[in-house]
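Please keep the sequence and coordinates at hand while reading.

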Amino acid sequence: VYIEDWDTFYAEAEKLYLDHPAHTRYSLKYRHTDGKVLLKVTNDRVCLQYQTDQQQDLKRIEKLNNIFI
């Protein structure tokens with residue numbers, strides 16, 4: 001199940017990471033055939049997913065990436 005709204009996805013992903021930073025993983029996948037970026041944040045109990053094909057979302061993804069690094 002994908003979360004449609006970026007702000008909801010970001011807030012939930014940040015909360016998940018802050019609650020369990022040692023168990024939370026983040027993956028980013030680009031599908032060239034669809035031109036979409038797929039994001040997944042999980043701690044093996046909760047899985048959050050988001051997909052986009054908008055160029056403007058790349059700056060937002062960079063902000064999320066900074067949380068996990």
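## Strand pairing

The bridge partner of K40 in β3 is Q49, while S27 stands opposite K40 in β2. Helices and strands here are DSSP runs, H or I of at least four residues for helices and E of at least two for strands, numbered from the N terminus; two strands pair if DSSP finds at least two bridges between them.

This is a predicted model, in which local features need pLDDT of at least 70 and side-chain atom pairs count only at pLDDT 80 or more, whereas totals for chains, interfaces and linings use all residues. Residues are numbered from 1 along each chain as its sequence is written, and side-chain values use heavy atoms, with hydrogens and water left out.

| Strands | Bridges | Direction | Residues between strands | Positive phi |
|---|---|---|---|---|
| β1 (residues 25–31) and β2 | seven bridges | antiparallel | four residues | G35, about 70 degrees |
| β2 and β3 | six bridges | antiparallel | four residues | D44, near 75 degrees |

Five of the seven residues of β2 are buried (under 20% relative accessible area, with exposed over 50% and partly exposed in between, for a 1.4 Å probe and protein chains only), so β2 is largely enclosed by the rest of the structure.

The axes of α1 and α2, which are lines fitted to C-alpha atoms over the stretch in contact, with angles from 0 to 180 degrees between N-to-C directions, come within 11 Å and cross at roughly 5 degrees. The helices α1 and α2 are therefore roughly parallel to each other, a term for angles under 35 degrees, as against over 145 for roughly antiparallel, 65 to 115 for roughly perpendicular and oblique for the rest. Where they meet, with contact taken as heavy atoms within 4.5 Å, the residues of α1 include W6, F9 and Y10, and those of α2 include R60, I61 and L64.

Leaving aside neighbours within four places in sequence, L64 is in contact with W6, F9, Y10, A13, Y26 and L39.

## Confidence

The mean pLDDT, the predictor's confidence in each residue from 0 to 100, is 93 for the protein chain, and 100% of its residues reach 70 or more. Confidence is lowest in helix α2 (residues 57–68), at a mean of 90, and highest in strand β3 (residues 47–52), at 96.
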